[in-house]
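Hi everyone, thanks for coming. Please have a look at the model on the screen, and then I'll walk you through a few places in it.

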Amino acid sequence: MKGLILLNKPKGITSFSAVRKIKWLANEKRVGHTGTLDPLATGVLPVFLGRATALAGIVLDADKSYIATVKLGIVTDTCDITGEVLCEKKVNVTREELLSVLEQFKGEISQIPPMYSALKKDGVRLYDLARQGKTVEIEPRQVNVSRLELIDFDKDTFKIEVDCSKGTYIRSLCRDIGEKLGTGATMTDLVRTKTGGFDISKTVSLDDLTKENISDFIMPEENALLNLREVKVSPKQAIRFSNGGQLAYERLKNANFENGELLRVKFEDKFLGVGIADNENSQIAIKCVIKE
């Protein structure tokens, strides 16, 4: 099998466990996902099968949307409700105060990822170091929060909707909002509602997948890249690209690309892979080839 399954990851399992279940159901060794979701989180998890796994790294770069539920007055070591409570504080926050603080986290922000994360320090996962009782300095990273809206607020609990760039930790965002308010905060629930142009309404539940019906939910891998411009090539160009050769602009129609732009390369209706515009050398270089 090859292609893409849009999974609604259930709460309580890791993304790896969800992928392992799909691997078994599809009887396919090559299975990969994009954008890990914590066990607490649910929502859109694109899963690639077969040769389509080559696209996983490209889709990983896509912007994402979430709905997070946050409890004020509690700080945990994991920045979510599954962790050990480090401190508790009284909460006396107004809606106006919360809205004012949320404004400070819109746009380009500097964020320190949580210690309990899959990031590596000197080749070791941070969560492994944390479980060993070790703490290390974590470098802040620049992320973009393009939208941050308050959708519910009740005394010590609020819910936000977030559109953000790749690499944004919503747990860290909730922690930092709590710090600004002076109460502390921890995330109690998270749903990824969109990623790579895919909406949660288009997903399938893991419980609804069986060995008999899984093929019904596999869509063409090209669907994950419909946001990229399409480039049609000739039969000779298709062979060249599929064999790892660059495509000269002079042999293409309408080769008006932005430098570094990712492009869907197709021969007739067949998706061949992803190219990257190299304006300096006037060619489409290889980003990813999808081979039969």
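Let me start with a term: a residue is buried when its relative accessible area is under 20%, exposed when that area is over 50%, and partly exposed in between, using a 1.4 Å probe and protein chains only. Bear in mind that this is a predicted model, where local features need pLDDT of at least 70, side-chain atom pairs count only at pLDDT 80 or more, and totals for chains, interfaces and linings use all residues. Residues are numbered from 1 along each chain as its sequence is written, and side-chain values use heavy atoms, with hydrogens and water left out.

First, two backbone spots. Most residues other than glycine have a negative phi. C79 is not a glycine, yet its phi is positive, about 70°. You'll find C79 in the loop between strand 5 (74-76) and strand 6 (85-88); strands here are DSSP runs of E with at least two residues, helices are runs of H or I with at least four, and both are numbered from the N terminus. Is C79 buried or exposed? Its relative accessibility is 7%, so C79 counts as buried.

S282 also has a positive phi without being a glycine, at about 50°. That residue sits in the loop between strand 18 (270-278) and strand 19 (283-289). With a relative accessible area of 38%, S282 is partly exposed.

Now to helix 6, residues 235-242. Its buried residues include Q237, A238 and F241. They span an arc of only 105° around the axis, so they lie on the same side of helix 6; the arc is taken from the directions from the helix axis to the C-beta atoms. K236 and I239 are exposed on the other side of helix 6. What do the buried residues of helix 6 pack against? They pack against strand 16 (247-248), strand 17 (262-267), strand 18 and strand 19, where contact means heavy atoms within 4.5 Å. After helix 6 comes G244, with a positive phi near 90°.

Last, a helix pair. Helix 3 (residues 95-103) packs with helix 5 (residues 170-181) at an angle of about 125°, and their axes are 10 Å apart. On the helix 3 side, the contact is made by E97, L98, V101 and L102, and on the helix 5 side by I177, K180 and L181.

That's my tour, and I'm happy to take questions.

Note on methods: Axes fitted to C-alpha atoms, helices over the stretch in contact; angles between N-to-C directions.
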